[in-house]
Amino acid sequence: MNKNHLLIYSILLISSSAFSKDIICANSPDGKPVIKNQVLTCDLRTSSSNNLLRKTFGLVETVEISSDIRLKVNPQDIHSILGEDKISLPKHPVSANLIMNGGGQILHTTMMVNPVLTKTGEEICDLKFIDFQPNISNFQSPDLPSWILKGIEKTLNHNQSLHNKVLKLANQAAAKLRVNCQ
């Protein structure tokens, strides 16, 4: 095992759990998903530099995550969603960049995410999301060997912090759908 690969693997694992407190939708003033013309949109952006230099032995300054999410929320789709316990969202790409300390070198990574949310409630007015599985696959980087990429993919799929933050974002979107409920 190459020592440099092991060090990079450790850094990426530490960095992957260092997301900022809030994952935001950059396309709205309040950072929450927007529903317009029966499409929920979230240009998801988050970054973190929270103690990364210390946690990554001075190598990683910042982690930046981005994905542009578009979901139809017309009455037919919502009715179909409300009839299911689990909602499988369309597979979409996510990019993550690790900005290295000194010189600003960027380590680019990409992945496919096919999220599955578990919900309660049979009506919009009592819709609540209770579980989230990211189902990350095809984690890639031109600078890393496949065994490191597979380890990171597995870690991200089981990251409790990421799980909690996405559940919060999904429940914020559900709250927007419940706006007319009494």
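Guide: Searching the whole structure turns up one disulfide. This is a predicted model, where local features need pLDDT of at least 70, side-chain atom pairs count only at pLDDT 80 or more, and totals for chains, interfaces and linings use all residues. Residues are numbered from 1 along each chain as its sequence is written, and side-chain values use heavy atoms, with hydrogens and water left out.

Visitor: What makes Cys-25 and Cys-42 a disulfide?

Guide: A disulfide is a pair of cysteine sulfur atoms within 2.5 Å. The sulfur atoms of Cys-25 and Cys-42 are 2.0 Å apart, so the pair meets the cut-off. The link is left-handed, with -95° about the S-S bond. Cys-25 lies in strand S1 (residues 24-25) and Cys-42 in strand S3, 17 residues apart, so distant parts of the chain are linked.

Visitor: How do you know which stretches are strands and which are helices?

Guide: Both are DSSP runs, numbered from the N terminus: helices are H or I with at least four residues, strands are E with at least two. The protein chain has five helices and 10 strands.

Visitor: Why is Cys-25 called buried?

Guide: Buried means under 20% relative accessible area, exposed means over 50%, and partly exposed is in between (1.4 Å probe, protein chains only). Cys-25 has 0% relative accessibility, so Cys-25 counts as buried. Cys-42 is at 3%, so Cys-42 is buried too. Of the 182 residues of the protein chain, 42% count as buried.

Visitor: Why is Thr-118 placed in that class or another?

Guide: Thr-118 has a relative accessible area of 15%, so Thr-118 is buried. Thr-118 sits in strand S8 (residues 116-120). Leaving aside residues up to four places away in sequence, Thr-118 touches Asp-85, Lys-86, Lys-128, Phe-129, Ile-130 and Asp-131. Contact here means heavy atoms within 4.5 Å.

Visitor: How do you know that S5 and S8 pair?

Guide: Two strands pair if DSSP finds at least two bridges between them. S5 and S8 have three bridges, in the antiparallel sense, so they pair. Lys-86 stands opposite Thr-118 in S8.

Visitor: Which strands make up the open sheet?

Guide: Three strands form this sheet in the order S5-S8-S9, with antiparallel pairing. Strand S5 (86-88) and S9 each have a single partner strand, so one side of each is left without a neighbour in the sheet.

Visitor: What makes a set of residues a nonpolar core?

Guide: The members are buried Ala, Val, Leu, Ile, Met, Phe, Trp, Tyr and Cys residues, joined through side-chain atoms within 4.5 Å. The largest nonpolar core has 38 residues, and Met-111, Leu-117 and Phe-129 have the most contacts inside it. H5 gives the most to this core, with seven residues.

Visitor: How do you know that the span of H4 agrees with expectation?

Guide: The expected span of a helix is 1.5 Å times one less than its number of residues. H4 has 12 residues, so it should span 16 Å, and its end C-alpha atoms are 16 Å apart, which agrees.

Visitor: Why is Asn-135 called partly exposed?

Guide: Asn-135 has a relative accessible area of 33%, so Asn-135 falls in the middle class. Asn-135 is found in the loop between S9 and S10. Phi of Asn-135 is near 50°, a positive value in a residue other than glycine. Most residues other than glycine have a negative phi.
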